[in-house]
Amino acid sequence: MDPAVAMKYQQIFKEELATLQELQKKLQVINAPRPKLLQQYNENEMVKKELDLLEDDDGVFKLVGPVLVKQDLPEAKSNVASRLKYFKGELDRLEKAQTDVSKQMAEQQEKIMRLQETVKKSQQAAVAKQSGQS
């Protein structure tokens, strides 16, 4: 294989590999907040179940700093429902972003594999051509 062509393939390969590594970093950033959001979602789901067991006239207290403040049950249920909706939305957003980046990564890996096959075929053709000349 011509050294100039080999250098060109090597440069393209490095660029494609750098792109793949950037996608991997992006995926890590996307996945970083997921465990905490999932934990908060599950905690709020448990709170919702506990609030559902209460009667309308039962007292509910909310911790605000170092003080417990009485809160109406419907207001508490509404707050928990809002938090659950928020966490669900964030988890869905992360899931979509993860799917998109994973798809891009798969495409990038395929591109790299095709490039490797092209280089291999070029090398084999160069060896065959060289063997035919000898």
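I take exposed to mean over 50% relative accessible area, and buried to mean under 20%. I am working from a predicted model.

**Entry 1: helix α2**

I started with the outward face of α2. The exposed residues P35, M46, K49, E50 and L53 sit on the face turned away from the buried side of α2. I then looked up the other side. L37, N44 and L51 are buried in α2. Why do they lie on the same side of α2? Their arc around the axis is only 45°, so they share one side of the helix.

Next I checked what the buried residues of α2 pack against. I found β1 (60–64) and α3 (73–133).

I also checked the length of α2. The helix runs over residues 34–53, which is 20 residues. From first C-alpha to last, α2 reaches 29 Å. That is close to the 28 Å expected at 1.5 Å a residue.

I stayed on α2 and looked at charged pairs. D52 forms a salt bridge with K48. The closest N and O atoms of this pair are 3.3 Å apart. D52 and K48 are four residues apart in helix α2, which means about one helical turn separates them.

I looked up the accessibility of both ends. D52 has 44% relative accessibility, so I count D52 as partly exposed. K48 has 33%, and K48 is partly exposed too.

**Entry 2: helix α1**

I moved to α1, residues 3–31. This helix has 29 residues. Its reach is 42 Å from first C-alpha to last, close to the expected 42 Å at 1.5 Å a residue.

Which residues of α1 are buried? I noted Y9, E16, L20, L23, L27 and I30. The cover over these buried residues includes α3.

K25 and E22 form a salt bridge, with the closest N and O atoms 3.9 Å apart. Both residues lie in α1, three residues apart, about one turn of the helix. K25 has a relative accessible area of 48%, so I put K25 down as partly exposed.

I then picked Q28, also in helix α1. Is Q28 buried or exposed? Q28 is exposed, at 57% relative accessible area.

**Entry 3: Q108 and helix α3**

Q108 is found in helix α3. Q108 has 8% relative accessibility, so I count Q108 as buried.

What is Q108 in contact with, leaving aside its neighbours within four places in sequence? I listed E16, T19, L20 and L23. Of the buried residues of α1, my list includes E16, L20 and L23.

The side chains of E110 and R114 meet at 3.9 Å, N to O. E110 and R114 are four residues apart in helix α3, which means a separation of about one helical turn. E110 is partly exposed at 38% relative accessibility. R114 is partly exposed at 46%.

I checked the overall count of salt bridges. The count comes to eight. I looked up three of them for these entries: K25 with E22, D52 with K48, and E110 with R114.

I turned to β1. F61 has its place in this strand. F61 has a relative accessible area of 51%, so F61 counts as exposed.

Which residues form a nonpolar patch on the surface? I found F61, L63 and L68. Together they have about 360 Å² of accessible area.

Last, I looked at E55. Where is E55 placed? E55 is in the loop between α2 and β1. Its relative accessibility is 51%, so E55 counts as exposed.

Methods
Residues are numbered from 1 along each chain as its sequence is written. This is a predicted model: local features need pLDDT of at least 70, side-chain atom pairs count only at pLDDT 80 or more; totals for chains, interfaces and linings use all residues. Side-chain values use heavy atoms; hydrogens and water are left out. Helices (H or I, at least four residues) and strands (E, at least two) are DSSP runs, numbered from the N terminus. The expected span of a helix is 1.5 Å times one less than its number of residues. Buried means under 20% relative accessible area, exposed over 50%, partly exposed in between (1.4 Å probe, protein chains only). The arc is that of the directions from the helix axis to the C-beta atoms. Contact means heavy atoms within 4.5 Å. Patches are made of residues with over 30% relative accessible area and no salt bridge: like charges are joined within 9 Å, nonpolar side chains (Val, Leu, Ile, Met, Phe, Trp, Tyr) within 5 Å. Accessible areas come from the Shrake-Rupley method with a 1.4 Å probe; for residues, only the protein chains shown count as cover. A salt bridge is a side-chain nitrogen of Lys or Arg within 4 Å of a carboxyl oxygen of Asp or Glu.
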